[in-house]
Structure formats: C-alpha cells, structure tokens
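Please look at the sequence and the structure below, and keep both in view while reading the report that follows.

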Amino acid sequence: MKNLNVQKIEAITLNTLVVGVDIAKELQWARFIDYRGLELGKALKFSNDKSGFNSILTSMEIICNNKKLDNIIVGMEPTGHYWKPLANYLILNGITVVMVNPYHTKRAKELDDNSQTKSDKKDALTIAKLVRDGRYYEVYMPQDVFAELRVLTNSRISLMKRHNALKNTITAVMDEYFPEITLAFKDLFKGKASMQILKTCPFPSQILGLGVEGVLAEIKKAVKKTVGRKKAEQLVETAKTSIGVGYGIASAKLKLELMIEELELLRGQLEKLERAMGNALDDTGFGHLVLGIPGIGVISAASFLGEIGDPMRFDDPRQISKMAGYNLIEDSSGKNKSGTAISKRGRKNLRNVLYQMALTMVAVNNEMKEFYAYLKTRKDNPLKKKQALVVISKKIITIIYNLIKKREEYRADLVFGEQRRAQMKQAA
C-alpha cells in the first residue's frame with residue numbers, strides 16, 4: 001500500500017488545475033496554478049455569495065478549456081465556519097475540495113518572497129502550492145444522520161459551556177453572600193431542596209427571617225416528603241454564623257433568580273437535545289453495538305459518532321486516533337532524545353469525549369479496569385494515570401471500530417489478544 005502523502009502528490013497530474021482559496025466573511029481570493037506551480041490566469045477576488053461562487057466556477061471552466069485540463073482540486077483553510085458554504089457548493093458541482101492546515105500556510109508564505117508580508121491574495125497562492133505538494137487533507141462533510149449527529153453534538157457542547165458558566169457565576173454569588181451554604185448542600189445544583197432555597201431564600205438574612213418553620217415550608221414546596229427539618233435547622237444555624245456580605249441583598253437575589261431561571265431553561269433544552277441525540281443514534285444502525293459496551297452511554301456514543309461521522313469511511317482505527325490527535329510525536333536532535341507525547345493536532349472535542357468514556361470505563365468496565373491497572377503497574381514503562389487513560393481511549397476507538405466494521409456484539413473474551421492477555425496475567 002502506498003504512503004498517503006505519495007498518493008496525494010500523484011493525484012496532482014499534468015491535467016490538474018490546482019486552486020487556492022483564501023476564505024473570508026465577505027470577499028475571498030482565488031489563485032490558479034498547474035502541477036509545476038506556475039500561475040494560470042489572473043487572481044480572482046469574489047464575494048461570499050451565489051454570484052461569487054458562480055464566478056469562481058466560471059473562471060475554473062475557462063482555464064480548464066484554455067489549458068486542456070480535465071481535473072480540478074480546490075484547497076482552502078478551515079477558517080471558522082465561513083468555508084462551509086463554498087466547499088459544499090463546489091462539492092455539489094463535482095469539484096474536489098481539500099483542506100490546508102493554517103499553520104502550514106503561516107510557515108510557508110515566506111518561501112516565495114522571503115517576506116513576512118501577509119495578504120489574502122498572497123495566502124491564496126501559498127495554499128495552492130501546498131496542495132500541489134500534497135500537503136493537504138481531504139474534507140469530510142457528514143451527510144444524512146451523521147450530519148444531524150454532528151450538529152446535535154456541537155449544539156450540546158455549546159449549551160454545556162453556557163450551563164457550566166452559569167453554575168460558576170451562581171456559585172460565585174453564593175461565595176460572596178452565603179459561602180457556608182455548602183455545609184448544608186454539598187452540590188447546590190443537584191437536589192430539588194437546594195434549588196428551592198436558591199430561588200426563595202438564598203441569603204442568611206432571609207433564612208433567619210423565615211426561621212426553621214419557614215425554611216422547612218419552602219423545602220416542602222419542592223420535596224414532597226415528610227423530611228427536611230434537620231436540613232432547615234442546619235441552614236438556620238449556619239446562617240447565624242455566616243461571614244457573607246450583607247449589602248445589595250435585593251439586587252443579588254434578583255440576579256440569582258434570573259440566572260436560575262436561565263439555568264432551568266438550559267436544562268430543559270439539554271434534555272430535548274439529548275433525546276434527539278438518542279433518536280439519531282438509533283437511526284445510524286450502530287447504536288446498539290456501541291451501547292453494548294459496558295461503560296458507554298447514549299450521549300457519549302452519539303457524541304463519538306457525531307465527531308467522526310460515518311465510521312465505515314475509515315480503513316483503520318488508527319485513522320480515528322490521528323483525527324483525535326492521539327498520534328505520537330517526539331522532538332529529538334543528534335544525541336538529544338526527547339520523550340514522546342500525543343500531538344493534540346486533531347479534534348479537541350473528540351478527545352474530550354474519549355477521555356470521558358475512558359474515565360467511566362476504567363470504573364465500570366471489567367476489561368478496561370484490568371487493563372488500566374496493568375498499564376500503571378507493569379514492570380517495563382509503567383504509565384501515569386493520564387497516560388494510561390490515553391491508551392485506554394485508543395483502545396476504545398479500536399473496540400468501537402471493530403464492532404461496527406464486523407457488525408458484532410461486544411464480547412469480553414475478544415477485547416484482548418492472546419499476547420496482551422498473557423502480559424496482563426503475568427503482571428497480576
């Protein structure tokens with residue numbers, strides 16, 4: 001099998017028109033070169049709309065007709081979200097679209113003129129030449145249910161960031177006005193009783209004003225049980241010795257009410273979103289296979305498939321590992337040898353999903369629990385906790401990939417090969 005970089009270079013032939021596009025919100029630049037890097041035609045400045053898209057298509061057709069070229073490949077940087085409409089438009093018109101790493105563009109732009117000068121017009125030519133040299137990766141725009149999962153996954157990440165930021169702000173308010181409340185409620189946001197107190201009487205002066213019976217009455221509005229007196233008494237006693245500030249109480253309570261209202265709205269939105277993720281996961285046809293792995297839930301499974309897209313497009317699980325940024329790198333020169341580390345040049349959200357999966361699985365999945373212990377305690381090259389979790393994450397990728405590829409249910413006895421089982425047994 002040929003090296004992937006060789007395949008990319010061989011894709012640029014005598015009959016290929018290479019186009020570099022520098023993406024922007026409103027106006028974009030395109031430069032056109034042949035397989036030798038010689039520029040064909042004038043640089044094109046076009047708008048980020050339908051007429052602009054048509055103009056770049058027309059320019060490519062004219063150049064191809066004049067130079068008798070029959071293949072087009074367009075390279076661009078993944079600049080925010082602005083590249084997606086153009087990429088989608090070109091793909092629908094049968095044009096091959098590839099991505100160039102912005103870091104590569106930054107490093108390569110001085111090669112032609114030995115100048116730090118940056119311009120959109122210059123960057124477009126740099127991008128085209130990087131594509132000609134095979135320094136690109138293929139663009140993947142998920143379709144059908146995998147597109148739905150991608151959007152749902154990104155939406156949940158956005159909602160979770162807002163949800164967590166809001167919780168942190170509420171916690172900051174309570175730290176200022178009633179820091180001792182955590183003595184009564186370890187997690188302010190988990191129980192119905194604590195949320196009711198935050199809504200109605202969150203500060204010491206209000207709790208003392210209500211007294212034990214008043215606080216108990218508020219708790220019973222949220223918790224329909226004959227319990228809560230001890231909690232009410234604890235809150236009152238704690239409020240008596242609170243060091244919280246006593247100014248701006250009315251305004252702080254209003255601020256808290258508004259934030260809690262928003263928090264409950266976000267929770268409802270998250271529940272709705274997660275139900276949609278579960279439905280989309282079912283529609284992939286792979287959900288039952290992934291959920292059959294002990295320690296993987298609906299949200300993590302849906303997020304994983306949302307991040308990678310259709311798993312059937314990969315030839316090897318190592319491709320998914322590289323997508324996550326788990327490929328190893330080292331920095332060595334001469335006699336100096338560095339240790340290895342993961343590159344982290346990949347999908348950050350995919351790494352986060354896998355890390356959360358790994359944390360859960362080393363706690364509830366017997367095979368991963370045993371493997372985790374082995375990695376940390378083996379005689380040769382024992383790993384630290386986070387290093388071991390990276391290895392577990394890569395193992396999870398392999399397991400999921402093989403189950404989906406082979407359409408098989410999870411079996412504990414097939415998780416490890418004979419050699420690995422022997423190593424783990426010997427170390428036990």
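## Aromatic pairs

A search of the whole structure finds six aromatic pairs, where rings of Phe, Tyr and Trp (its six-membered ring) pair if their centres lie within 6.5 Å, and where planes under 30 degrees apart count as stacked, over 60 as edge-to-face and the rest as tilted. One of them joins Tyr177 and Tyr247, whose ring centres are 6.3 Å apart and whose planes stand at 65°, so this pair is edge-to-face. The pair links distant parts of the chain, 70 residues apart, since Tyr177 belongs to helix α6 (residues 144–177) and Tyr247 to the loop between α9 (229–240) and α10 (249–284). Helices here are DSSP runs (H or I, at least four residues), numbered from the N terminus, as are strands (E, at least two).

Tyr177 counts as buried at 8% relative accessibility, whereas Tyr247 is exposed at 53%; buried means under 20% relative accessible area, exposed over 50%, and partly exposed in between (1.4 Å probe, protein chains only). Ring pairs also link Tyr177, Phe203 and Tyr247 into a cluster.

## How the model is read

This is a predicted model, in which local features need pLDDT of at least 70 and side-chain atom pairs count only at pLDDT 80 or more, while totals for chains, interfaces and linings use all residues. Residues are numbered from 1 along each chain as its sequence is written, and side-chain values use heavy atoms, with hydrogens and water left out.

## Charges over rings

The charged end of Lys8 sits over the ring of Tyr136, 5.5 Å from its centre, and that of Arg313 sits over the ring of Tyr140, 3.4 Å from its centre. The term requires NZ of Lys or CZ of Arg to be within 6 Å of the ring centre and within 35 degrees of the ring normal.

## Two crossing helices

The axes of helix α13 (residues 317–324) and helix α16 (residues 385–406) come within 9 Å and cross at roughly 135°. The contact (heavy atoms within 4.5 Å) is made by Pro317, Ile320 and Ser321 of α13 together with Lys394, Ile397, Thr398 and Tyr401 of α16.

## A buried serine and an exposed lysine

Ser303, which lies in helix α12 (residues 298–308), is buried, with a relative accessible area of 7%. Not counting residues up to four places away in sequence, Ser303 touches Thr153, Met277 and Val353.

Lys221, in helix α8 (residues 204–222), is exposed, with a relative accessible area of 52%. The C-alpha atoms of Lys221 and Leu305 are separated by 42 Å, and these residues are 84 residues apart along the chain.

Note on methods: Axes are lines fitted to C-alpha atoms, for helices over the stretch in contact, and angles run from 0 to 180 degrees between N-to-C directions.
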